[in-house]
Amino acid sequence: MPAPRPRLLYVTDLAYQARGRRYCDEDIFLTARLRDRFDLALCHPLDAAALMGGFDAVVVRNSGPVLGHQSAYDAFRTRALASGARVYNPLTGKADMAGKQYLLDLSAAGFPVIPTVAGAADLHLLPSAERYVVKPKLGADSVGLRIVPAGQVAAVAGGEVLIQPCVDFVHEVSFYFVDDDFQYALYAPDPRRRWELRPYAATAADLEFARRFIDWNDLGHGIQRVDACRTRDGGLLLVELEDLNPYLSLAALPEEARDAFVGAFTASLSRFVRGALNPA
């Protein structure tokens, strides 16, 4: 008899409304392709904890910011860790999966990150700027982000927030990885239109920049997106390292690149599930 096909629980919120993106289209496309190799069921993030026991692995994809269902996500995470469930991306991520503390840590360690501090008391540690970005330490999808004049920062920077100088950049660019392998890059030529993306030919220096953060996170398996801004002097600064459920903007890719990503994703999931079915 042929070996049973691996069973995946694919966690997504097909109804989530994102600015400038249709999350549901991406997950409909991906699950249609993954069904060639896996027995697969979709579920809402609110149902993941109750259902995951019947599957070989759980794939967390476009489920929207967990802030919208924080208690349910925390329960899912606690149950998954306690039961040893295989979750993709693994729950060991040190970047957005764990909040925004990593921006403070990387900034303090001298990584090429937009300089970041954790409150108005440390504002003197940042480069002087006319405007500053103030955002929640547990924020996502730009929820709660404000750009304020320098003279107003102290008044709005109460609570658990991060403060960064408002960087004058040329464009934003994102680098997409599966496991440790670079897949493609996309950029937004117009800084005012973040999600109007085009394919970007990454240079060796670009990839060296992005890999520093992939290596730092040491995730092993999974999809990660390194978001950066190109400064006026030509350098790159990290904006975000998304390691929980990064949107992939697959619709912006030519068909050949999209197929190559699906192949890499499928191969990664196959290796990941084999670890569940054949533990060392």
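Buried means under 20% relative accessible area, exposed over 50%, and partly exposed in between, with a 1.4 Å probe and protein chains only. The model is predicted, so local features need pLDDT of at least 70 and side-chain atom pairs count only at pLDDT 80 or more, while totals for chains, interfaces and linings use all residues. Residues are numbered from 1 along each chain as its sequence is written, and side-chain values use heavy atoms, with hydrogens and water left out.

**Whole chain.** Start with everything shown as a cartoon. The protein has seven helices and 12 strands; these are DSSP runs numbered from the N terminus, helices being H or I of at least four residues and strands E of at least two. The radius of gyration is 19 Å, close to the 19 Å of the globule rule for 280 residues, so the protein is as compact as a globular protein of that length. That radius is taken over C-alpha atoms, and the rule is 2.2 Å times the number of residues to the power 0.38. Along the principal axes, the C-alpha atoms fill a box of roughly 70 × 40 × 35 Å. Of the 280 residues, 49% count as buried.

**Arg225 and Glu240.** Select these two next. They form a salt bridge, with the closest N and O atoms 3.4 Å apart; the term means a side-chain nitrogen of Lys or Arg within 4 Å of a carboxyl oxygen of Asp or Glu. The pair links distant parts of the chain: Arg225 lies in strand β11 (residues 223-231) and Glu240 in strand β12 (residues 236-242), 15 residues apart. Arg225 is buried at 5% relative accessible area, and Glu240 is buried at 15%.

**Glu26 and Arg61.** The structure holds 17 salt bridges. In the one between Glu26 and Arg61, the closest N and O atoms are 3.6 Å apart. Glu26 sits in helix α1 (residues 23-34) and Arg61 in the loop between β3 (57-60) and α3 (70-83), 35 residues apart. Both residues are buried.

**Arg193 and Glu196.** Here the closest N and O atoms of the salt bridge are 3.5 Å apart. Arg193 is partly exposed, with a relative accessible area of 39%, whereas Glu196 is exposed, at 51%.

**Asp215.** Finish in helix α6 (residues 204-217), where Asp215 is found. Asp215 counts as exposed at 56% relative accessibility.
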